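Here is a short report on one protein model. Look at the strands first, then at the charged pairs.

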Amino acid sequence: MPWAPRVLVLRALGLGDLLTGVPALRALRRAFPGHETVLAAPAQLAEAAAATGAVDTLLPASAPGRAVPVRLEWPGPPPEVAVDLHGKGPSSHLLLRRLRPGRLLAFAHPGTPEVAGPEWIADEHERARWCRLLEWYGIPADPGDLRLPAPPDPSPAPGAIVVHPGADSPARRWPAERYAAVVRELLRRGHRVALTGGPGEDELLDRIAAPVPELEVFRGGLPYGRLAALIAGAAGVVSGDTGIAHLAVAYGTPSVTLFGPVSPRLWGPPEGTRHVALWHPGPPGDPHGREPDPQLLRIRPADVLKALSDHPEVSRP
């Protein structure tokens, strides 16, 4: 059976990265309607990728941290088009070039002078960055095209305020005792509260939930379908700058996101009243640091509670 023409998109990163790449993925889908869109990304993102409506096939690919995978197990003939949505190069460029694609869409880099693309701008919002890349190649892309359709399953905790205290690095992890203070006050006000955590975060959840028996706790990293239903059916979401915050944006759920060390100008939600970004401006920190970032620590529980109480869609239980 002959192979259909294929577009290969490299974005071998996390859930939040996938969701910020949705506008670019949808632009590619519109630009190449007769092609199979293959996304090179971690295998655990297969269900989330399918939910975007812009990916046909997930090609498992990952590397530690935000590194570029060493190789791609690409089957069949070369892709007609390869798109680097992973980084600025040159490692990601070279990885894709080894597959001999008909075209490579990527940012310019002095390490790969044969790649003709736009200049990389460090101080640019992640959604806008990849849309600008495609625009340079004549592919219209809308950074606001990021909403996902409602998940088919019901929420396991409908109407709850979902609190997600975890993050990939300690630098973006607000202290557990502060999350606990927020949770206790929300329960006192009569809200239903659900606490979520990823794999390896049980100890963190226990520090928050142990003294609060009425708290609903979802441990171990929920499967995407159940997590999506929980977030889509929530009254609000409180988290750090992590994938859960982007999921709230994708499903239009009111959210309060605690930023530091990276500014919301680079990774934050769209402007408007539905999503609140808490941030104390200051010099950028190390997003992979081993201690909570000083900018993040300037946010107090009272700030989070005020943001929720002031929110017209969240304030009343």
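Ile161 stands opposite Val193, a residue of strand E7. This is a predicted model: local features need pLDDT of at least 70, side-chain atom pairs count only at pLDDT 80 or more, and totals for chains, interfaces and linings use all residues. Residues are numbered from 1 along each chain as its sequence is written, and side-chain values use heavy atoms, with hydrogens and water left out.

**Strands side by side**

Helices (H or I, at least four residues) and strands (E, at least two) are DSSP runs, numbered from the N terminus. Two strands pair if DSSP finds at least two bridges between them. E6 and E7 pair in the parallel sense, over three bridges. E7 also pairs with strand E8 (residues 216-218), in the parallel sense and over three bridges. In that pairing, Leu195 has Val217 of E8 as its bridge partner.

How does the chain cross from E7 to E8? The path goes through helix H7 (residues 202-209), and this β-α-β crossover is right-handed. Right-handed has a set meaning: with the strands pointing away from the viewer, the path from the first strand over the helix to the second runs clockwise. E6, helix H6 (residues 176-188) and E7 also make a right-handed β-α-β unit.

Now take E7 itself, residues 193-196. Val193 and Leu195 point one way from the strand. Ala194 and Thr196 point the other way. Are these four residues buried or exposed? All are buried. Buried means under 20% relative accessible area, exposed means over 50%, and partly exposed lies in between (1.4 Å probe, protein chains only).

**Charged pairs**

Side chains of opposite charge can pair when their charged atoms come close. A salt bridge is a side-chain nitrogen of Lys or Arg within 4 Å of a carboxyl oxygen of Asp or Glu. How many salt bridges does a search of the whole structure find? It finds 19.

Asp17 lies in helix H1 (residues 15-20), and Arg66 lies in the loop between strand E3 (57-60) and strand E4 (81-84), so the pair ties together parts that are 49 residues apart in sequence. Asp17 is buried, at 7% relative accessible area. Arg66 is partly exposed, at 42%.

Asp145 is partly exposed, at 22%. Arg30 is partly exposed too, at 47%.

Glu126 and Arg129 both lie in helix H5. They are three residues apart, about one turn of the helix. Both are buried. Salt bridges that share partners join Arg11, Glu126 and Arg129 into one network.

**A look at Glu36**

Glu36 is found in strand E2 (residues 36-41). Its relative accessible area is 22%, so Glu36 counts as partly exposed. Which residues does Glu36 touch, leaving out those up to four places away in sequence? They are Pro5, Arg6, Val7, Asp56 and Thr57. Contact means heavy atoms within 4.5 Å.
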